[in-house]
Amino acid sequence: MAASGWWLVSVYVTCFQPSLNLAIKRIIVNYSSQNLSSVPPGLEPSTEDLDLSRNRIHALTHADFSTTPRLHVLNMSWNILENIDTDTFSSTPALEILDLSHNKLQNLSDQPYLLNTGNLQFLDLSSNMFSAMALGKAFSTLKRLQWLGLSAISISNTDFTHIANLTLKTLFINTDQLQMYEERSLMDVRAEKAIIAFSNSRHDIAIAGDVLASFKEVEFTKVDREMKVLRELRRRGAVRTVSLEISKVETTWEVLTSSVNTIIASVIQRLSFSELTIIKMADGIHVSSSRVLESFSTRRASVTEFIFHQTKLYDFFINMPARNVSLTQTPIIFMTCPRAVSEIEALDLSDCALTEKIFSIGPDKECDTLTNLEKLVLRGNNLKHLGPLTSRITLMISLKYVDLSQNTLSYSDEQGKCVWPRKVVHLDVSSNEFDQSIFKCLPESIRILNLRSNRVTSVPADVPVLENLSVLDLTGNRLLYLPTCQAFPNLHKLLLRSNSLHSPFPGSLKTCQHLKDLDLSRNPFICTCALREFADLINNRATQTNSELTLGHWPEGYQCSYPESRSNTLLKDFYLPKISCDGLILAITILIPTITLIVVVSLLCYRLDVPWYLKMIWKWTSAKKHAITSKNTAEDSKELHFHAFVSYSQRNADWVKAQFLPKLEEDCGLRVCHHERDFIPGKTIVQNILRCIERSRKCVFVLSSHFVQSEWCHYELYFANHQRVMRGMDSIILILLEPLPAYLIPSKYYQLKAMMSRRTYLEWPPEGAKQKLFWANLRASLQANLPNHSEREEE
């Protein structure tokens, strides 16, 4: 949606998540920033989300939305609205989100159009031209309202009388225009959370005092540099707030540390900062330990000074008296160890710039004061070596959950032995650079292991036995074979989605006695005899009603990738009879009829003296062929105009024009028929192909993956093969420009497959030293004396 203040975006995400999710799934009709002066006519009845922000619309009428009965979301922010008719929303009973911020509406007590918005859950009227925040009776009808945004020039005690019967989730007030505030005006508003956007005015402290005394959850944004609004925490005895968020603030280290200590001394349990900018690092005080917070978090913090004592900053945060501490999306490169035994139970340092030297004290001493830490999140940092990192956390004796995902971690024997804390049960190392060596560096107590999106190609046979491992996620790796459960005897869940499993061995699954959940979807299964037993096994497991094994994404996620005839066939529909896969039965089935036929034919031939007749016919045919060939060879050569006709895919034209033609025509003096030059205008393509093949001594085919996808290349190969049979001589030369496995050749190119299996072809070498021999062999194959006459003399 178009921005109507940075705080509004946050509200949509955090305070109104259910409806936001619905909005994401719907198509937004976007007329934002179109310089419109009115609502476009003829809106589709299917319209559910409509964005008309940042235009010049000054009024809304009943007819504007009469054709949109399914409208859920309407964004009219940043227009010049002055008037909204009473019946404007009478045709939109489903309207849930209405943004009218940043307009020119007047008189909050007279907004009769709200009488037709009974389902409204989100309403933003902030940044308009309201002189007083006196909400009219129409607001009392909004029984489902959860989020309300307001602003006005004055706020009085009686302004919120008509919403006294409503319980909001969030009340947002923008004080940019505020000139008069009557104390205790906000005390009677019923809402779970209040968001106040300050304007650095003389009323900020009074508003902050009322808000802290009235609401359990509070967010202050655009707080002044001295953080004067927090002084009320000292003055007021009755503070109801337990969760305080301060966002978009620019201050000094001295003010920040003093303010944090003030909050710690209050009744507030949860404290968070976001978009915090520290402009001066001088002075400052140590963090107080008079009381333990439930949580302390800082997101997107920065220091504008280039040179300062970084340890002072790190020590302040790591010694925070809180059970949950979070410092995220902040460019810190190190974190110190707490001075004394810390109360921190969960520590989140994700999306920073930390290395494996984190918490390091010295070469022979590790951090031993985080003994209460149970959860450590280091996601999205610059961690590279797992071995040294385990040494940094080895003395965190209570640690159970470790998240090291989205780094560039790897492990090898050169890094030394891994020394994990003894209680680690959940390890997330997804999106790193681990190969199968990672299995040598796992905690013995591990129960849940997330190795998603790494470089694991196999599970080694000598893996240490992990008795407690119950969940193993290897999604998005490079596994070629189905791992066994010999090292994981109690494995319950195995995820192998999106690997390189072609023909899994069913015997591997039989070692997993306790397996209940298995996901093998999105693997490139090769549906041949090698897969038959495995397909039958999982098909039976999936279809049995009393089966203990659940297959994830079955059946749509299991498809054949090869052979071509079975591509995209579901594995549940894949079937091969046993006779086609059992060599003994197949041999018996074929040999018995074959031997019988041979015996019968042999007896008939013996009785009818067939060998003698065949011998005579062969001699006669050979004699006739030799006579005809000797007679017509000289005559046929007179009809040849070119040494070779070249056939290739247009995507390989660069190689033909830059390498093939110059070498043969300019360096070797051969005449090559090239379709771009030698095809005759006016004739059909087929006529030109036949003409060129007939007038060329040889046909050269430049083979590549693009060649087998070209219909014209197919025709040229067919005609050339036909001409070869007619002439009775081998006139086809194959050049392999790049590797071309047989399974990439479509079934219609059966002639090409036959040629490649029984004849020698030239392979183009990328090395320059080998290319001379390539051209010599090709020239020897094409060299011949041809008549020197015009190519078009008969046309």
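**A chat about the predicted chain**

Colleague: How many helices and strands are in the chain?

Modeller: The chain has 18 helices and 33 strands. Keep in mind that this is a predicted model.

Colleague: And what share of the residues counts as buried?

Modeller: Of the 795 residues in the chain, 48% count as buried. The accessible surface comes to about 39,000 Å², and 52% of that surface belongs to carbon and sulfur atoms.

Colleague: What about contacts: what percentage join residues at least 24 apart?

Modeller: Taking contacts between residues at least 6 apart in sequence, 63% join residues at least 24 apart.

Colleague: Let's pick a strand. How many residues of strand 29 are buried?

Modeller: Six of its six residues are buried, so strand 29 (residues 642-647) is mostly covered; buried here means under 20% relative accessible area.

Colleague: Which strand do five bridges join to strand 29?

Modeller: That is strand 31 (residues 696-703), and the two run parallel. Val-646 has Val-700 in strand 31 as its bridge partner.

Colleague: And where do two bridges from strand 29 lead?

Modeller: Two bridges join strand 29 to strand 30 (residues 672-673), also a parallel pair. In strand 30, Cys-673 is the bridge partner of Phe-645.

Colleague: Which residues of helix 9 are buried?

Modeller: Leu-531, Phe-534, Ala-535, Leu-537, Ile-538 and Asn-539 are buried in helix 9.

Colleague: What do the buried residues of helix 9 pack against?

Modeller: They pack against helix 8 (506-510), strand 26 (525-526) and strand 27 (550-551).

Colleague: Now the surface. Which residues form the nonpolar patch?

Modeller: Ile-685, Val-686, Leu-690, Trp-712 and Tyr-715 form a nonpolar patch, with about 410 Å² of accessible area together. Helix 15 (685-694) and helix 16 (711-727) are the elements that give two or more residues to the patch.

Colleague: Which helix gives the most to the nonpolar patch?

Modeller: Helix 15 does, with three residues.

Colleague: Where does Trp-712 lie?

Modeller: Trp-712 lies in helix 16.

Colleague: Why is Trp-712 called partly exposed?

Modeller: Its relative accessible area is 39%. Buried means under 20% and exposed means over 50%, so Trp-712 falls in between.

Conventions
Residues are numbered from 1 along each chain as its sequence is written. This is a predicted model: local features need pLDDT of at least 70, side-chain atom pairs count only at pLDDT 80 or more; totals for chains, interfaces and linings use all residues. Side-chain values use heavy atoms; hydrogens and water are left out. Patches are made of residues with over 30% relative accessible area and no salt bridge: like charges are joined within 9 Å, nonpolar side chains (Val, Leu, Ile, Met, Phe, Trp, Tyr) within 5 Å. Accessible areas come from the Shrake-Rupley method with a 1.4 Å probe; for residues, only the protein chains shown count as cover. A salt bridge is a side-chain nitrogen of Lys or Arg within 4 Å of a carboxyl oxygen of Asp or Glu. Helices (H or I, at least four residues) and strands (E, at least two) are DSSP runs, numbered from the N terminus. Buried means under 20% relative accessible area, exposed over 50%, partly exposed in between (1.4 Å probe, protein chains only). Contact means heavy atoms within 4.5 Å. Two strands pair if DSSP finds at least two bridges between them.
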